[in-house]
Amino acid sequence: MKLVDWRPHEDVARAELPPPAWYADESVYARSLERVFTPSWQWIASAHEIAAAPSARPVVLLPGSLDEPLALTNDGERVRCLSNVCTHRAMTVVERACSTRGLRCPYHGRRFRLDGRFESAPGFEDAVDFPRAEDDLQELPLERALGQFFTSLAPERPFDEFARPLLERVGHLPFDRAVHAPERDREFVFDAPWSMYVENYLEGLHIPYLHAGLTAAIEWDSYEHVLWGGGTWQIADAKPGEPAFDVPAGHPDHGRRVAAWYAMVFPNLMVNAYPWGVSLNLVRPLGPSRTAVRFASFVWDAALLGKGAGGDLDTVEREDEAAVVRVARGARARLARTGRYAPRHEAGMHALHRWVAERVAGGSAL
């Protein structure tokens, strides 16, 4: 199948939205997995999920798309992210979370230390030039920010470049006392491309038309979009009487009654900060036209739950999901046409499209 080679104009006021065929193109999807998701930093675990040393637990990076088997180990000195594929015959080594002082492949008994280094292998006594460095479990970079761990299979940018914009706006918040609230966690699966879901998040133009409850809590006229190289901020001010952050002096938003900071970190991480705590959303592609979204909530002020901009996340999510599914259905219509960007509200969408198109097409945007 020929790749739909689309790249938007660099000027959002002149650019056209993706042609409908771009979303369903299997070649675009396959290239996105390898060129957009594989080199990106991905949320892999929360700090509370890391067991005390010595321990190991299996994780899968982006199940349903990358499907990369990994293991998080804690030897008391460091938490590491290792390949969970045995260096003999590719059996997954760690089968379940456990307390352990070492790793043993259940297929042929090959052993590794918790730092991934090879220890022994029955039956290899006569092997020449063995073991080699390739017989160790490969270690991936593992970084921590906002009480969360992140990794990448082949990072195209330093972690500091990924995390700095987050820390500049929400790094002062009390993540050290945020408590995971598993009863609030959700996962939704629906029939729409992953990028359409992210697009919906990136533009605020739909808020007064789609989200009555959210609109009642925020000042729509002052809603602001801020772009950075690898993502965007959306900043919503609170209406009088609604919960708001106490924004410290020196902060970029000092003097505002901020109801919520919404960060989109390309390609698929959403960080939503509210006075009660933070909701993290991870978008998982499951195919060209199917997507899963995982929600996890961390609470530092339970008294504010159910109030303000983050008061009813389930309703807002279902409103968004229903809209995105309808957009996906419309994009499959024979009469669907390529539209234009609303420059004030859809600059974040335009930035995402340029970011993805440059990688998928293998060249610069026009």
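1. H251 touches E168, R169, H172 and W261, once residues up to four places away in sequence are set aside; contact here means heavy atoms within 4.5 Å. The structure is a predicted model, in which local features need pLDDT of at least 70, side-chain atom pairs count only at pLDDT 80 or more, and totals for chains, interfaces and linings use all residues. Residues are numbered from 1 along each chain as its sequence is written, and side-chain values use heavy atoms, with hydrogens and water left out.

2. H251 sits in the loop between β15 and β16 (258–265); helices (H or I, at least four residues) and strands (E, at least two) are DSSP runs, numbered from the N terminus. With a relative accessible area of 10%, H251 is buried. The terms of exposure are as follows: buried is under 20% relative accessible area, exposed is over 50%, and partly exposed lies in between, for a 1.4 Å probe and protein chains only. From C-alpha to C-alpha, H251 is 9.5 Å from V170, although the two are 81 residues apart in sequence.

3. D237 belongs to strand β15 (residues 231–238). This residue counts as buried because its relative accessibility is 10%. Its side chain makes a polar contact with the side chain of S222, at 2.9 Å. A polar contact is a pair of N or O atoms within 3.5 Å; within protein, one must be able to donate a hydrogen and the other to accept it, and residues adjacent in sequence count only if both atoms are side-chain atoms. Apart from neighbours within four places in sequence, the contacts of D237 include A217, I218, E219, R256, R257, V258 and A259, as well as S222.

4. What is the volume of the largest pocket? The value is about 430 Å³. A pocket is defined on a 1 Å grid over the protein atoms alone, as an open set of points where a 1.4 Å probe fits, with protein on both sides within 12 Å along at least five of seven lines; lining residues have an atom within 4 Å of a point. Grid points are joined across faces, edges and corners, and the volume is the space filled by probe spheres set on the points.

5. The lining of the largest pocket comprises 20 residues, and L17, Y23, E199, V327 and M349 lie nearest its centre. By class, 12 of the lining residues are nonpolar, four are polar and four are charged. Ala, Val, Leu, Ile, Met, Phe, Trp, Tyr, Cys and Pro count as nonpolar, Asp, Glu, Lys and Arg as charged, and the others, Gly among them, as polar. Helices α1 (20–24), α4 (194–202) and α7 (313–331) each supply at least two lining residues, and α7 gives the most, with four.

6. P20 is placed in helix α1. With a relative accessible area of 18%, P20 is buried. Not counting residues up to four places away in sequence, P20 touches A331, A336, R337 and T338. The C-alpha atom of P20 is separated by 28 Å from that of F295, 275 residues apart along the chain.

7. How many disulfides does the structure hold? The number is zero, a disulfide being a pair of cysteine sulfur atoms within 2.5 Å. C81 is in no disulfide, and the nearest cysteine sulfur, that of C98, is 15 Å away. C81 counts as buried at 0% relative accessibility. For C86, the closest cysteine sulfur is that of C105, at 3.8 Å, which is too far for a bond. C86 also counts as buried, at 5% relative accessibility.

8. Most residues other than glycine have a negative phi, and most peptide bonds are trans. The peptide bond from A53 to P54 is cis, with omega near -5°, and P54 lies in the loop between β1 (42–46) and β2 (55–61). The bond from F130 to P131 is cis as well, with omega near 0°; P131 is in the loop between β8 (118–120) and β9 (139–140).

9. The loop between β8 and β9 also holds D129, a residue other than glycine with a positive phi, near 50°. D129 counts as exposed, at 64% relative accessibility. A90 has a positive phi too, near 75°, and is found in the loop between β4 (79–83) and β5 (98–99). Is A90 buried or partly exposed? At 49% relative accessibility, A90 counts as partly exposed.
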